[in-house]
Amino acid sequence: MATSRVPAAVDALLAILGAAPGLTGVLVLDGPPTVNLTQRERVYVGWLPEGGPAVTLTQDFNAAGARTRDENFSIVGYAEVWSGGTDMQPMRSRVFELVAEIETALRATDAAPEAPTLNGAVLWSHLTAGDLFQDQTTEGARAGLNFTVACRARI
């Protein structure tokens, strides 16, 4: 019996985003960066630049008898876009386009009916929250958008 659906859900989210047509050419990373990355468009799953937990979760009994449990959890992520220039507007627009592609990838379609369940890992998932960050660095304008994928599972 599984103690949590978190590992399966994170793995499925990475697979879904890695295969999303709207994210072609975007580097999708599992957790924090491990090398100096030169790719200018990135999506991190389970990591935020300011730190904090990769996933927060709660569990409770589903019903009397304690045979099953409900698990609610949120997977954090971060999308970022860099440029070599100083114009922030295109970076801001593009990072929202990336997160829109993430949201689209989590919706059911004829081709991907299991997307909202993270390929069966959870009962449902959806994009729920975000925070926009903008700055200018020696490498140019950068826009980043935190996002949260909320999930409910039965274990």
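## Salt-bridge network

Arg42, Glu80, Asp135 and Arg142 are joined in a network of salt bridges, a salt bridge being a side-chain nitrogen of Lys or Arg within 4 Å of a carboxyl oxygen of Asp or Glu. The structure is a predicted model, in which local features need pLDDT of at least 70 and side-chain atom pairs count only at pLDDT 80 or more, while totals for chains, interfaces and linings use all residues. Residues are numbered from 1 along each chain as its sequence is written, and side-chain values use heavy atoms, with hydrogens and water left out.

## Other salt bridges

The structure holds eight salt bridges. In one of them the side chains of Arg152 and Asp70 meet at 2.8 Å, N to O; Arg152 belongs to strand 6 (residues 140–154) and Asp70 to strand 4 (residues 69–82), so this pair ties together parts that are 82 residues apart in sequence. Helices (H or I, at least four residues) and strands (E, at least two) are DSSP runs, numbered from the N terminus. Asp70 also meets Arg154 in a salt bridge, at 2.6 Å, N to O, and that pair links distant parts of the chain, with Asp70 in strand 4 and Arg154 in strand 6, 84 residues apart.

Asp70 counts as buried at 10% relative accessibility, whereas Arg152 is partly exposed at 23% and Arg154 is partly exposed at 40%; here buried means under 20% relative accessible area, exposed over 50%, and partly exposed in between (1.4 Å probe, protein chains only). A further salt bridge joins Arg94 to Glu97, with the closest N and O atoms 3.1 Å apart. These two residues are three apart in helix 2 (residues 88–105), so about one helical turn separates Arg94 from Glu97.

## Aromatic rings

The structure holds three aromatic pairs, where rings of Phe, Tyr and Trp (its six-membered ring) pair if their centres lie within 6.5 Å, and planes under 30 degrees apart count as stacked, over 60 as edge-to-face and the rest as tilted. Trp47 and Tyr78 form an edge-to-face pair, at 6.4 Å centre to centre with 85° between the planes. This pair links distant parts of the chain, since Trp47 lies in the loop between strand 2 (41–45) and strand 3 (55–61) and Tyr78 in strand 4, 31 residues apart. Trp47 is partly exposed, with a relative accessible area of 21%, while Tyr78 counts as buried at 4%. Ring pairs link Tyr44, Trp47 and Tyr78 into a cluster.

On a 1 Å grid over the protein atoms alone, a pocket is an open set of points where a 1.4 Å probe fits, with protein on both sides within 12 Å along at least five of seven lines, and lining residues have an atom within 4 Å of a point. Grid points are joined across faces, edges and corners, and a volume is the space filled by probe spheres set on the points. Strand 2, strand 4, strand 5 (124–137) and strand 6 each supply at least two residues of the lining of the largest pocket.

The second largest pocket has a volume of about 210 Å³ and is lined by 16 residues, of which Ala20, Pro21, Thr104, Ala105 and Ala112 lie nearest its centre. Helix 2 gives the most to the lining of the second largest pocket, with three residues.
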